[in-house]
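Subject: Handover of a predicted structure

Dear colleague,

Please find the structure below, followed by an account of what was found in it. I would be grateful if you would read the two side by side.

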Amino acid sequence: MPEHKNIISVRGLKKSFGSNKVLNGIDFDLYEGEKVVILGPSGSGKSTFLRCINRLEEPTSGEVFFENNLITDKNIQKMRAKIGMVFQHFNLISNLTVMENLTLAPVKLRKMSADEAEVKARKLLKHIGLSSKADAFPASLSGGQKQRVAIIRALMMEPSVLLFDEPTSALDPESIGDVLELIHEVVDDGMTIMIVTHEMDFAKEIASRVVFIDGGKIIEEGTPAAFFSRPKTERVREFLKKVL
C-alpha cells in the first residue's frame, strides 16, 4: 500500500523473556486506514508484538518506527499519546471515577482544558449509553461497560492508531456484542487499527489485512478473502480447521 502514509514500521523485532524467545524477528508495516487483524494460537507472541510496538515491553532487539520516527526513550511519551491501546483486562484506574479515567490523560498529556475534556468525555459516554456512569467507579461497572469505557478513554487522546489486545476475551458472551459493535463504529469512522482477537466472524468483517503469527514469526498474511478461503501454508490450514 505505498500510496498510503506509513504509520508503523517494525524491523527485526525480537523479544525474549529469559531463555524463552517469544518474538523471533518480525518485519511489519502498517499504513494509514488499514484494519489489521492478528491471528494465531495462544502463546504465539501476538500480544507481546502489540506491547512492543508502544514499548510497554522493551524489545530485546530490533526497531519500531512511528510515522517514520524511531521510538526511543526520549520520545516515548509523545509517541504513546498517538498510539492508543485497549487491553484485555481494561486497565481502568480503580480509585478514579469514570469521568476522571477519561479526562486524566488528555488534560495531562495533550494539554486539553479540563472543561474541554469533560465535554468530550460526556459526549462519548452518551454515545455508548453510559452517561449515568460518569461519576461511578470502575468496580461498579460490568465487564462490557468497563471495556467500552476503556475504548472511549483511548479515543479521548485522538490517536493516529488504536491497538486492541484481545478486547473481548475477558467478557461474558452477552457483553461481547456491545464491545464489538463499538469497535465496528471506530473502524467505520476510519481509524487505523491493529487487533488481536479470537472472534473469527468479526475478523472477516472488519479486516483489510490478516496477519498470522506462530512461533514468534509472521507465517502468512493477506486479505480476509484469501486468508480464510485460500490459505497458502499448511500451518494456517490446520489453524482454520480448528477455529472455524
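Two strands are taken to pair if DSSP finds at least two bridges between them. Helices (H or I, at least four residues) and strands (E, at least two) are DSSP runs, numbered from the N terminus. This is a predicted model, in which local features need pLDDT of at least 70 and side-chain atom pairs count only at pLDDT 80 or more, while totals for chains, interfaces and linings use all residues. Residues are numbered from 1 along each chain as its sequence is written, and side-chain values use heavy atoms, with hydrogens and water left out.

Six strands form an open sheet with mixed pairing, in the order 6-7-8-3-9-10. Strand 6 (83-86) and strand 10 (217-222) each have a single partner strand and stand at the edges, so one side of each has no neighbour in the sheet. From one strand to the next, the twist averages 20°; angles run from 0 to 180 degrees between N-to-C directions, and axes are lines fitted to C-alpha atoms, for helices over the stretch in contact.

Within this sheet, strand 8 (residues 192-196) is mostly covered, with five of its five residues buried. Buried here means under 20% relative accessible area, exposed over 50%, and partly exposed in between (1.4 Å probe, protein chains only). Thr-192, Met-194 and Val-196 point one way from strand 8, whereas Ile-193 and Ile-195 point the other way, and all are buried.

Strand 8 pairs in the parallel sense with strand 7 (residues 161-165) over five bridges, and Leu-162 stands opposite Ile-193 of strand 8. Strand 8 also pairs in the parallel sense with strand 3 (residues 35-39), over four bridges; there, Val-196 of strand 8 is the bridge partner of Ile-38. Strand 3 in turn pairs with strand 9 (residues 209-214), again in the parallel sense and over four bridges. The bridge partner of Val-37 in strand 9 is Val-210.

Strand 1 (residues 6-17) and strand 4 (residues 61-66) pair in the antiparallel sense over five bridges, and Ser-9 stands opposite Phe-65 of strand 4.

Lys-5 lies in the segment before strand 1 and counts as partly exposed, at 43% relative accessibility. Not counting residues up to four places away in sequence, Lys-5 touches Leu-30, Tyr-31, Glu-32 and Glu-67, where contact means heavy atoms within 4.5 Å. The C-alpha atoms of Lys-5 and Tyr-31 are separated by 5.6 Å, although the two residues are 26 residues apart along the chain.

Helix packing

Helix 3 (residues 98-109) and helix 5 (residues 143-156) pack at an angle of about 25°, with their axes 8 Å apart. Helix 3 is therefore roughly parallel to helix 5; angles under 35 degrees count as roughly parallel, over 145 as roughly antiparallel, 65 to 115 as roughly perpendicular and the rest as oblique. Helix 3 passes helix 5 in a right-handed crossing. A crossing is right-handed if the near helix is turned clockwise from the far one by less than a right angle, and left-handed if anticlockwise.

Helix 3 contributes Val-98, Asn-101, Leu-102, Thr-103 and Pro-106 to the contact, and helix 5 contributes Val-149, Ile-152, Arg-153 and Met-156. These residues divide into six nonpolar, two polar and one charged. Ala, Val, Leu, Ile, Met, Phe, Trp, Tyr, Cys and Pro count as nonpolar, Asp, Glu, Lys and Arg as charged, and the others, Gly among them, as polar.

Helix 5 also packs with helix 6 (residues 173-188), at an angle of about 15° and with their axes 8 Å apart. Helix 5 is therefore roughly parallel to helix 6, and the crossing of the two is right-handed.

Arg-148 is found in helix 5 and is buried, with a relative accessible area of 14%. Among the residues that Arg-148 touches are Asp-178, Val-179 and Leu-182, not counting residues up to four places away in sequence.

Yours sincerely
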